[in-house]
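Subject: Structure for you to look at

Hello,

Please find the structure below, with its sequence. My notes on what was found in it follow.

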Amino acid sequence: MDHEEIDMISRCQEGDQEALREIFDKYHKKVYSIAYGVVRQREEALDIVQEVFIKLFRSIKNFRGKSQFYTYLYRMAMNTAIDHTRKAGKQVTSSLDAEGSFEPSDEPEKGPERILLQKELEERVKLAMDSLPPEQKAAIVFRDVEGLSYQEMAEAMGCSIGTVMSRLHYGRKRMQESLKDYVKFRGQSRGASLPSEE
Amino acid sequence: MLLEKYFDREVTDSERSLVESHLQDCPACRDALSSMGELRTLIKVPVEEVVRKEDFPWVWQKIERGIRFEKERGGWSSLRSWLDATFRLRRRVWIPAVATLLVLLFITAQVIFKKTPSSQGASVVEYLESPTYNVMVYQMEEPNVTVIWLFEGPEEEHTAT
């Protein structure tokens, strides 16, 4: 943590709302992408962002600086998002027209078929993610969406690196199983890919 | 697992060399690596696009409103928790107090009833003084008997029933 961040956090711990605003400005996109990565629904992800920063303001006094602040915040974001999926998890929809889901329709270069395929694909990814146990879901979002290292993930998830690797491995395995048609299709069309840059 | 570590860029230099030389001769591992890449793309790209397009409408204003609401509610809830605590405290005090009172009443009742003179329900109906005998008339309830007590002198008493 740099001095600026330490100062921001300690002001926030004293109840300074302006400091919370600074933290929000710095991290809201990351919190949103964790939330969206888990729930894959725009309105719900925005609600989660709001909830996370209110919770943060209430509980930041408990942050003792033993871990990185962002892992503390990401953990809070992940737990809040997973709580949302638990509450709404029973309402998993298979509809391809789920309101608020990812809509690429404003991209003029894509034809209707492509848009439909992408929408269907996104819905399948959502269903596959919904079917994962929370720990595996968290591991995949932290690694494949946020690009956290194993060490950072272990800190954010409060477990060992070995556990992180195991959760990631089984989560990916289940996702590949659920999405095997799509993964295979994309694999054949593009050929083997090397590790992507983060 | 090593392939996955390689994919996640968590390998050491020697592990990387090992995996890369293996990949040249192993189509199955190349396919597995490819699948992992495809899966990551499926998961990650839509999120990135959504985040890029999002303008976070009113999110900060809603957060401010939420904090204000919590502060207002905080006042009420602290009052409520004080009342709850008081009620719990009262309950903690009253239960033993009432129990003690009941025990005391029970003991006292025993003492009172034991000390009540067992007059077998006798009551004085009349007392007459005369130059010869003083007379006292008792009425017993159980059995139903009338006792007439004649006092001849300070030392002598005669009873007639």
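At what angle do α2(A) and α6(A) pack, and how far apart are their axes? The model is a predicted one, and in it the two helices pack at an angle of about 130°, their axes being 10 Å apart. Angles over 145 degrees would count as roughly antiparallel and those from 65 to 115 as roughly perpendicular, so α2(A) is oblique to α6(A). The crossing in which α2(A) passes α6(A) is right-handed.

The residues that meet there are S33(A), I34(A), G37(A) and V38(A) on the α2(A) side, and K137(A), V141(A) and V145(A) on the α6(A) side. Sorted by class, this contact has four nonpolar residues, two polar and one charged.

Now chain A as a whole. Its secondary structure consists of nine helices and zero strands. Along the sequence the pattern therefore reads α-α-α-α-α-α-α-α-α. Chain A has 198 residues, and 38% of them are buried. Of the contacts in chain A with a separation of 6 or more, 67% are between residues 24 or more positions apart.

Next, the core. The largest nonpolar core has 64 residues, and the members that touch the most others are A35(A) and A77(A). Helix α2 of chain A, residues 17-39, gives the most to this core, namely eleven residues. As for A77(A), once its neighbours within four places in sequence are set aside, its contacts are V31(A), I34(A), A35(A) and V52(A).

The last topic is where the chains touch. How many residues of chain A are in contact with chain B? There are 42 of them, and they are in contact with 34 residues of chain B. On the chain A side, the elements giving two or more residues are α2, α3 (42-59), α5 (112-130), α6 (134-145), α8 (161-178) and α9 (180-190). α2(A) provides the largest share of that side, with nine residues. By class, the chain A side divides into 22 nonpolar, eleven polar and nine charged residues.

Regards

Terms used:
Residues are numbered from 1 along each chain as its sequence is written. Chains are lettered from A and ligands numbered from 1 in the order in which they are written. This is a predicted model: local features need pLDDT of at least 70, side-chain atom pairs count only at pLDDT 80 or more; totals for chains, interfaces and linings use all residues. A nonpolar core is a set of buried Ala, Val, Leu, Ile, Met, Phe, Trp, Tyr and Cys residues joined through C-beta atoms within 7 Å. A residue is buried if 20 or more other C-beta atoms lie within 10 Å of its own, exposed if 12 or fewer, and partly exposed in between; C-beta atoms are placed from the backbone. Helices (H or I, at least four residues) and strands (E, at least two) are DSSP runs, numbered from the N terminus. Two residues are in contact if their C-beta atoms, placed from the backbone, lie within 7 Å. Ala, Val, Leu, Ile, Met, Phe, Trp, Tyr, Cys and Pro count as nonpolar, Asp, Glu, Lys and Arg as charged, and the others, Gly among them, as polar. Axes are lines fitted to C-alpha atoms, for helices over the stretch in contact, and angles run from 0 to 180 degrees between N-to-C directions. Angles under 35 degrees count as roughly parallel, over 145 as roughly antiparallel, 65 to 115 as roughly perpendicular and the rest as oblique. A crossing is left-handed if the near helix is turned anticlockwise from the far one by less than a right angle, and right-handed if clockwise.
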